[in-house]
Amino acid sequence: MKSYIIRIELEDSNPLIWRRIIMPAGATYKRLHDVIQNVTNFQSGYPFDWYHLYEFDLKEENMIVTNDEEAYIEHQDYVKNKEYYEERLKNTSSDMLGFEQYYQERLKLEVRKPTKLKIDDYLEKYKEIRYSYDFGDGWHFTVKLEDIVDDYYFGYPTLLDGAETAPPEDVGGIYGFYDFLEIYNDPNHPEHDEAKAWAEELNFKEYDPDLINEKLKKINYKKTEWDKIEHAYYELIKDKYGK
């Protein structure tokens with residue numbers, strides 16, 4: 001099965017937080033998002049009721065892929081009403097002109113939904129994708145293509161290598177994370193117990209390759225030949241015995 005070996009790096013982390021993954025080709029950007037979430041400590045906003053926004057910056061093709069529905073709607077409106085936006089730019093006051101120009105440049109970027117587009121073409125052509133998650137905390141990752149292989153036989157991603165514990169949800173960005181780690185790792189710190197309880201609530205885990213691979217097995221988005229054989233056998237038994 002054609003698959004990609006990718007390296008995921010958390011920008012501005014020091015020491016560098018990184019993961020090397022092998023994943024079957026044919027994944028959507030939503031699936032790549034799921035992989036990144038599962039090899040870190042992020043959970044798309046869980047256990048709270050909201051979810052965090054994310055986007056993939058496909059700058060070489062002037063495109064972003066995002067779950068931000070508002071950004072998608074705004075781009076569609078811009079495409080349909082370019083004359084209105086041109087006129088609006090002309091009538092913008094000088095003190096707001098820079099902001100309006102930036103805003104409209106952003107609107108010009110094609111916006112696609114992550115469930116509708118696969119990563120293959122862009123990843124193979126440009127070798128690198130930038131992923132941003134939780135616009136409040138401002139996490140930025142670089143996804144790099146390291147190799148393409150044809151002999152991977154599982155329908156789910158696998159962690160091959162990596163280093164360092166990843167941040168939990170809503171920790172306040174990279175500097176908030178390192179402040180948290182200092183407290184979390186110091187039993188004598190007056191806020192240690194509180195930090196441990198908070199981390200437990202957010203399912204924070206120190207880097208554990210075995211645990212990560214157990215989670216990745218659930219991202220089974222491409223059936224292998226064995227899956228097909230197993231399914232055919234199940235259908236045969238069901239037809240024969242009525243179960």
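In the hairpin formed by strands E6 and E7, Asp 134 adopts a positive phi near 60 degrees, and 5 residues lie between the two strands. The model is predicted. Strand E6 covers residues 128-133 and is joined to E7 by 6 bridges, with the two strands running antiparallel. Within this pairing, Tyr 133 of the chain is found opposite Trp 139 in E7.

Strand E7, which spans residues 139-149, also pairs with strand E1, residues 3-10. The sense of this second pairing is antiparallel, and 8 bridges are formed between E1 and E7. Ser 3 has Val 149 of E7 as its bridge partner.

Helix H1 (residues 29-39) packs against helix H8 (residues 209-216) at an angle of about 150 degrees, and their axes are 9 Å apart. Because angles over 145 degrees count as roughly antiparallel, H1 is roughly antiparallel to H8. The crossing of H1 past H8 is right-handed. On the H1 side, the contact is made by Val 35, Asn 38 and Val 39. Helix H8 contributes Ile 212, Lys 215 and Leu 216 to the contact. Sorted by class, the residues in the contact between H1 and H8 comprise 4 nonpolar, 1 polar and 1 charged.

Conventions. Residues numbered from 1 in each chain as written. Predicted model: local features only at pLDDT ≥ 70, side-chain atom pairs only at ≥ 80, totals over all residues. Heavy atoms only, no water. Pairing = 2+ DSSP bridges. Helix = DSSP H or I, 4+ residues; strand = E, 2+ residues; numbered from the N terminus. Axes fitted to C-alpha atoms, helices over the stretch in contact; angles between N-to-C directions. Parallel < 35°, antiparallel > 145°, perpendicular 65-115°, else oblique. Left-handed = near helix turned anticlockwise from the far one by under 90°. Contact = heavy atoms within 4.5 Å. Nonpolar A, V, L, I, M, F, W, Y, C, P; charged D, E, K, R; others polar.
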